[in-house]
Amino acid sequence: WVLILVGYLSLVYTILTLTIWSNEETMYSNIATRCSSLNDAFDEVSSMGLTGENLITYFQNNSKSILSDKMFYQEHQVNEKVNDSTKLYEILRYYLFNSSVSNNCSLENSIPAKLTKNVKPIPVHSHNDYWRDFPLFEGLAVGATSTEADVWIIKNKLPKDTDLVNEWDAYTLAVGHSKHGLKPEIDNLESLYTGPLLELLDSVNCNDTSDKNSEPRGVFYDYPNTTVFLHIDFKSKDSKLVYDILMNKYLQPLIQKDYVTYYDMENSEIKWKPVTVVLTGASPNSLSIIDGNDLEKGYFHDNKRYGFPESVLDDLDSTDNGFSLATSTSFSKLLKDCKSSVSKVKTQGKLSDDQISCIKRFVDDAHGKNLKTRIWDVPEGPDTFTKEVWTQEIHQLGIDLLNVDDLFEASKLF
C-alpha cells in the first residue's frame, strides 16, 4: 500500500505541475491579445512582475501580436524595413529601457528590476550569443554570467570631406559569426553589448559618484556583486587595430564609469567590477599592445589593465603569460590529449572515469593559476547525452563556465 500511495501522490503532483505550467503559458500568451496596444501590454507585463525567463517567454510566445502594432512603430520610430526578429528585439529593448522610466533614481525603477529580478546567476556561457532572439538580454534573463561577441572590422562609408573627431570613428566593430552577411549599422558591438550594458549599469548606479569608496552594482538585481564575463572574439586579422578600436570606441565609456574589471598595476591585484572583458580568437596576447606604449601605467595611463587574453586550457605552459583570467579549449582537443575521441564518448553516452581523470588534470592546473575554465564545442546529440556531459562538466570536472547553446535547458541544471 505504501508503493500505491507514493505512486498516487506522484501522479497528483505531476498533474498539478502541468496544470499550473499550462495556466501560466495561457496567461502570458493572452496578455498581448487582451491589450489594445503595446504600451498597454507593457504596463500589464510590468504590473504582473514578469522578469527573467518568463519575460523572454512572453515576448517569444506573443511575437505575432506584438509585431502587429504598426502604430507603435510610428510613435517610437522602430524601423519597419528590418526583419521581424530585429523588430522584436528593438521592442523588448524599448520595454526595458524606455517604458515607465522614472526621473527618480531608484533600484525598483531600474532596468535590472525588469530583466533580472528574482534571477539567480549561474556559471553558464552563452555561446554564439548574437544568434539569439534577444542578444545579451536572453542570457542575463536566465542568469548566465558569461556571453560572447564575434567582432569584425568594418570601414565606415563616409563622405570624403568628413571631419572625424578621432580615427576610431572611421571604423565599426560589426558582430557576426562570419564576414558574409554582416549588418554593421544594426548588429555592432555598441548596439548589442556595450551600449545596453552601459544603460543597464547606469540605471542601477545612477551616475552617482559622490561616494568614491562604494562599488558599482552589477546587472543582476538580487546579486549586485556578480560580474559578467564579456568575451570579445577577434575575427579580423589586424588584432592591434581591433584592440585599439575596442578600447577607445566601445569600452572607454564603461571604463570611465568604473564598470570594468581591471588589474591594479600598482598593487598587483585584480579589482572585480560588473563587467570583465576576456579577449579571445585572434586577439593580441602581447603586453606591448594590451598596455599600449606604456607598460608601466597601462593603455589609458591610469595604472590599470582592462583586457585579459584567454589562454589555452590544454597548453597553459605556452599560452598563459600570467595576465589571463580565463582559459578554454575544445572538447575534441582535450579528448585527443587524453588519447580518446568524441565518437568514443558518444558511443559510451558520457565521459568515462579515465577520461574524467585525464581532463580534470588540465582543469586543476588552470585552477591552480586562478583561471576560469571553459570547454567549447561539446557535440549536440540526444538530450540525454548532452545533459549527461554538462552534468559531468559541472560536478566532476569543476568547469567554471558551462559553454552552451540551449540556455533554458542548461539553467535547469542549477
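Biologist: At what angle do α9 and helix α10 pack, and how far apart are their axes?

Modeller: Two packed helices are described by the angle between their axes and the distance between the axes. In this predicted model, α9 and helix α10 (residues 239-256) pack at about 20°, and their axes are 8 Å apart. The pair is therefore roughly parallel, since angles under 35 degrees count as such.

Biologist: Which residues make the contact of α9 with α10?

Modeller: From α9 come Leu-189, Glu-190, Thr-194, Leu-197, Leu-198 and Leu-201, and from α10 come Leu-246, Tyr-250, Leu-251, Pro-253 and Leu-254. By class, the contact of α9 with α10 has nine nonpolar, one polar and one charged residues.

Biologist: How does helix α6 cross helix α9?

Modeller: The axes of α6 (residues 84-97) and α9 (residues 189-205) come within 12 Å and cross at roughly 15°. The two helices are therefore roughly parallel to each other, and α6 passes α9 in a left-handed crossing. On the α6 side, Tyr-89, Arg-93 and Phe-97 take part; on the α9 side they meet Ser-191, Leu-192, Pro-196, Glu-199 and Leu-200. The residues of this contact divide into five nonpolar, one polar and two charged.

Biologist: Let us turn to strands. In which sense does β1 pair with β2 and with β13?

Modeller: Strands of a sheet pair through backbone hydrogen bonds, either parallel or antiparallel. β1 and strand β2 (residues 144-155) pair in the parallel sense over three bridges, with Ile-122 opposite Ala-144 in β2. β1 and strand β13 (residues 401-404) also pair in the parallel sense over three bridges; there His-125 stands opposite Asn-403 in β13.

Biologist: How many residues of β1 are buried?

Modeller: Four of the five residues of β1 (residues 122-126) are buried, and the strand is mostly covered.

Biologist: How many residues of β11 are buried, and what covers its faces in terms of the residues on each side?

Modeller: In strand β11 (residues 326-330), five of the five residues are buried, so the strand is largely enclosed by the rest of the structure. Ala-326, Ser-328 and Ser-330 lie on one side, Thr-327 and Thr-329 on the other, and both faces are covered.

Biologist: Where is antiparallel pairing found, and in what strand order?

Modeller: An open sheet of three strands, with antiparallel pairing, has the order β6-β5-β8. Its edge strands are β6 (269-271) and β8 (304-305), each of which pairs on one side only. Strand β5 (residues 262-264) and β8 are joined over two bridges in the antiparallel sense, and the bridge partner of Tyr-263 in β8 is Arg-305.

Biologist: Is Leu-136 buried or exposed, and is Asn-370 buried or exposed?

Modeller: Leu-136 counts as buried because its relative accessibility is 2%, and buried means under 20%. Asn-370 is exposed, with a relative accessible area of 66%.

Biologist: What does Asn-128 touch, beyond residues up to four places away in sequence?

Modeller: Asn-128 touches Glu-148, Asp-150 and His-177. Asn-128 also lies in the loop between β1 and α8, and at 7% relative accessibility Asn-128 counts as buried.

Biologist: Finally, how many helices and strands does the protein have, and what share of its residues is buried?

Modeller: The secondary structure comes to 17 helices and 13 strands. Buried residues make up 50% of the 414 residues. Of the contacts between residues at least 6 apart in sequence, 64% join residues at least 24 apart.

Terms used
Residues numbered from 1 in each chain as written. Predicted model: local features only at pLDDT ≥ 70, side-chain atom pairs only at ≥ 80, totals over all residues. Heavy atoms only, no water. Axes fitted to C-alpha atoms, helices over the stretch in contact; angles between N-to-C directions. Parallel < 35°, antiparallel > 145°, perpendicular 65-115°, else oblique. Left-handed = near helix turned anticlockwise from the far one by under 90°. Contact = heavy atoms within 4.5 Å. Nonpolar A, V, L, I, M, F, W, Y, C, P; charged D, E, K, R; others polar. Buried < 20%, exposed > 50% of the residue type's maximum accessible area, 1.4 Å probe, protein only. Pairing = 2+ DSSP bridges.
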